Every structure is written in structure tokens, then in C-alpha cells.
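Hi,

Here is the structure I said I'd pass on. Have a look, and my notes follow below.

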Amino acid sequence: MEQRKQRIPLFFHKTISNSTLHTPNSTLIESAQSLLPTERYEGKETMPGRKKIFDFQSRRERYVSSGVNEKLIFNLRDIHCTMRQLYEGKGSMNRVLIVLSKTGPITQMALTERLEIQPASVSDVLAKMEALGLAVRRPSQQDQRTADVLLTPEGEARAQEASAQRLQRHQEMFSCLSDDEKAAFLSTLEKINADWEERYRQSAEP
């Protein structure tokens, strides 16, 4: 029977077999070091882009000895960190390009509301896009006192490229799942999301 593989989040970025989990600590750490491209500090490791130093052995032991609920949290945190690395943020130039490509001419105020970020952040990214020849402003047809933001032909081309890259990334992110597994996973996530919305988010509102 094929040996099941277990993924240790946060400190391993590839799967390792269950047999590896029972190898001597020195062997495990050597295996882990080969899996994760990090800086080394006398047996300790730092995750890419992080300053905090993680102890491989203690982290691994914490995960293996944790219950199911704790392992779920470990994995959710790991997924969250990975997604933050994949996406540049709500105010990234690529996201603004994609949004403007979908909306067409739009006022800066409306764009700010659509992006759900601070007005100053929108001003900064639009200034960069204008300097690169990706976007321009023109008097609004609805209100001459305001200006619309719209993409230039070069900006539209960049937006299409960014959109295609996003679509490809989304396909890659779930390529390890079958269609049935995706449907089951989505159903589970929607169930958790609905429960947390009622249990935590609404109760946190002032």
C-alpha cells in the first residue's frame, strides 16, 4: 500500500512521508533544511521574508503532537501566509489594472471604494501608473467637476496580462484536487465561513 504523506505546515514546504517523521532528529532537520530555502542560524531557520527565527524540531514536534483542531489552525495559517506572498495586496498595481479594465472610466472616489483601501494609497498607485503611461485622467462625462481614471492601450494590455496570470495561478493553486474534491472543499469552506461570520465577526462589531 502506498505510504501516506503528511505535510508539516509553516516549516516544511513540501510533503514528507510518515516514515520520515520517525527518523532521528538530526536526520529530520537535515531533510527539512533541504526542503525549505531559508537562512541558517546554528540549527535554527527563518522563514522566507520573516525576521523571526523558528526552531525546526520544536515546531515539528508541536504539529505532530497537536490535535485535529490545532492542525487545522496550523494549516489555515500556512495557507494565509502563502496567499499573502502570492498576492501583493488590495492596492497593488496589478489589482488596480484589473479593476480598471473591468469598470472602464471611473472616478478616483469610486475606485477607492471598490478597492477598499485608503485614498492616499489609491493616489500613490495612480500616480505611478500615470508616470508609466498605463492610466490617464479626463473630465468626467457625468460631472465636469471631477475626473475619471481610465487605462491607456498599454495599461489595458498590462491588465489583460495580469488577469491571465491570475487565472493561471488560481488553476495551479487547486490543481492537486479533483473536481469532486474541489466541490467538497468549497462546501466545507462555505460552511465554516458562514459559521464564523455569525459566531465571531458579527459579535465583534461595535
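W196 counts as partly exposed because its relative accessibility is 35% (buried is under 20% relative accessible area, exposed over 50%, partly exposed in between, with a 1.4 Å probe and protein chains only). This residue lies in helix 9 (helices are DSSP runs of H or I with at least four residues, strands are E runs of at least two, both numbered from the N terminus).

Before you read on: this is a predicted model, where local features need pLDDT of at least 70, side-chain atom pairs count only at pLDDT 80 or more, and totals for chains, interfaces and linings use all residues. Residues are numbered from 1 along each chain as its sequence is written, and side-chain values use heavy atoms, with hydrogens and water left out.

Helix 4 (68-86) and helix 9 (179-204) each give two or more residues to the patch, and helix 9 gives the most, with three.

There's also an open sheet of three strands, order 6-8-7, with antiparallel pairing (two strands pair if DSSP finds at least two bridges between them). Strand 6 (106-107) and strand 7 (135-139) are the edges. Strand 7 pairs with strand 8 (residues 147-151) over five bridges, and A135 has L151 as its bridge partner in strand 8.

Cheers
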